[in-house]
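Trainee: Could you walk me through this model and show me how to read its features?
Mentor: Gladly; let's look at it together.

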Amino acid sequence: MGEVIVITSGKGGVGKTTTAANLGTGLSLLNKKAVLVDTDIGLRNLDVVMGLENRIVYDLVDAVEGTCRLKQALIKDKRYDGLYLLPAAQTRDKNSVTPEQMVKLCEELKEEFDFVIIDCPAGIEQGFKNAIAGADRAIVITTPEVSAVRDADRIIGLLEANDIKNPSLIVNRVRHEMVRKGDMMSIEDIIDILAIQLVGVVPDDENIIISTNRGEPAVSDNKSMAGQAYRNITRRILGEDVPFMDLAGQGNFIAKVKKLFGFRSA
Amino acid sequence: MENAKNQIAFKGTADGLVIIIPGEMETKEILEQVALKVKAAEKFFRGAKLKVMYRGRKLTEEEEEMLVQMMVVNSGVSIESIRFDPEQPQPEREKPSKLSGMPIRKIFFKEIEEGPCKFIKGTVRGGTRILYEGNVVVLGDANPGSEIVASGNVVIMGTIRGMVHAGADGNRNAIVAALRLCPTQLRIADLITRCPETYEEDTFLPEIASIKDGVIYVEPLGK
């Protein structure tokens, strides 16, 4: 029996889809069977980021409505063993699926896969409700911006109200140079407000733009800083205790995060 | 209400009579309407001594004199004074009860020492609204975008960054206390205040907010 993880943020453009693509790929690189589910019906992106757009025949709505069998809608990623994608429909909208149907879908996928990674749309409306309906746990993505942190806070509240306790946090697109100058919120500031467990910090990396445009997740690129961060996050999701990268080049950074981390989870 | 805009209105207050004059009204019409009104209540006005205030249109000294004469002649009232009240005849000022959605009451529980109490364990997150008739204690933070409205006191064992309203039913004795007090907005009864912009995020200084002399004061706790 697998685990369903929803990747959500509230705010748009913080990196949900990129994170979902990289985590799914990262899990398959660690020999786990994973399926990526794009629930952003009407604004699908995950297929593009994965470079699988031209292979879509059936989609999530088809599978839910019974137009096809679930197996038929799953696209196998030939580059990574054990990685599949269930794309969203592009010509429908969020109301085409109900939370009950999502629960059923997740149950079916759990039978087959070790991990079901759900890419949640931005917002807190129907699409969000669908995405979290079948989830066992959640990963909340934020960037070091006040607006993104606000939305993440709201999302955490909604997750808790829907009985998805203890979501994990990924802080994306951190620029340590700016943090050091005091121009950007630090990881400590963000954790202080959100008070949830940190599972990863992803540095701002130009390579991400290149890799998403090419449809090759950064996690498979050994030279990419963001890729390294995603590899670490993947291992932490699997329960490994991986130290945080020393991104700032400051010796006490890790210690600080660790201290906070330990303090919060104690 | 249809013609309320071009009608003179009389209002009795503790300080005397208030005449509300619509902004664009002609002097002649003002005098006519006042005469009519005063005549209709002649019995009430006869022999009374009145202080008169008027709002809305500012009258010249001559016009004021004419107005007083008109009232005296038509009812036998004696006018002690007449003056312009600069306050706009606003329809109805927003009542504190409407401020946070708590019904306003005349009687509260005794001072601030007693009453039902709601405990909230964990962080109150953005978008959450807590409305409680009594005291509220939060064992955690209250984040930006959250709203805590209590008819009694609010105590936060953490940082308050959202909106908090104590004594929301009109109780000016209510207090707000927190380990770190930097709300987006702090309300007690019908008063509203904001946190100073220069707040030091790093300091952990327990503080208490209460009303003194009609102003919200924030002081270190235990002073």
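Trainee: Which residue takes a positive phi in the hairpin of β14(B) and β15(B)?
Mentor: That is B:D213, with a phi near 50°, in a hairpin that has 2 residues between the strands. Before going on, note that this is a predicted model, in which local features need pLDDT of at least 70, side-chain atom pairs count only at pLDDT 80 or more, and totals for chains, interfaces and linings use all residues. Residues are numbered from 1 along each chain as its sequence is written, while chains are lettered from A and ligands numbered from 1 in the order in which they are written.

Trainee: How many bridges pair β14(B) with strand β15 (residues 215-220) of chain B?
Mentor: Strands pair if DSSP finds at least two bridges between them; strands (E, at least two residues) and helices (H or I, at least four) are DSSP runs, numbered from the N terminus. Here β14(B) and β15(B) are antiparallel, with 6 bridges, and B:I211 has B:I216 as its bridge partner in β15(B). Strand β14 (residues 207-212) of chain B is also joined to β11 (residues 176-181) of chain B, again antiparallel, by 3 bridges. There, B:A177 stands opposite B:I208.

Trainee: In which sense do β1 (residues 3-8) of chain A and β6(A) run?
Mentor: Those two are parallel, joined by 4 bridges, and A:I7 is partnered by A:I139 in β6(A). Strand β7 (residues 168-174) of chain A also runs parallel to β6(A), through 4 bridges, with A:I141 partnered by A:I170.

Trainee: How many residues of strand β6 (residues 137-142) of chain A are buried?
Mentor: A residue is buried if 20 or more other C-beta atoms lie within 10 Å of its own, exposed if 12 or fewer, and partly exposed in between, with C-beta atoms placed from the backbone. In β6(A), 5 of the 6 residues are buried, so the strand is largely enclosed by the rest of the structure. For chain B, buried residues make up 30% of the 223 residues.

Trainee: Which residues of α1(B) are buried?
Mentor: They are B:I30, B:V34 and B:V38. Viewed down the axis of α1(B), the buried residues fall within an arc of 55° (taken from the directions from the helix axis to the C-beta atoms), so they line one face of the helix. On the other side, B:K28, B:L36 and B:A40 are exposed. The buried residues pack against β2 (16-21), α2 (42-45) and α3 (61-75) of chain B, where contact means C-beta atoms, placed from the backbone, within 7 Å.

Trainee: What span should helix α1 (residues 27-40) of chain B have?
Mentor: The expected span is 1.5 Å times one less than the number of residues. For the 14 residues of α1(B) that gives 20 Å, and the end C-alpha atoms are 20 Å apart, which agrees.

Trainee: Which residues touch the most other members of the largest nonpolar core?
Mentor: A nonpolar core is a set of buried Ala, Val, Leu, Ile, Met, Phe, Trp, Tyr and Cys residues joined through C-beta atoms within 7 Å. In the largest one, of 77 residues, they are A:L36, A:L60, A:I117 and A:I118. Helix α7 (residues 146-161) of chain A gives the most to this core, with 7 residues. Apart from it lies another core of 26 residues, including B:I156 and B:V164.

Technical notes: Contact = placed C-beta atoms within 7 Å.
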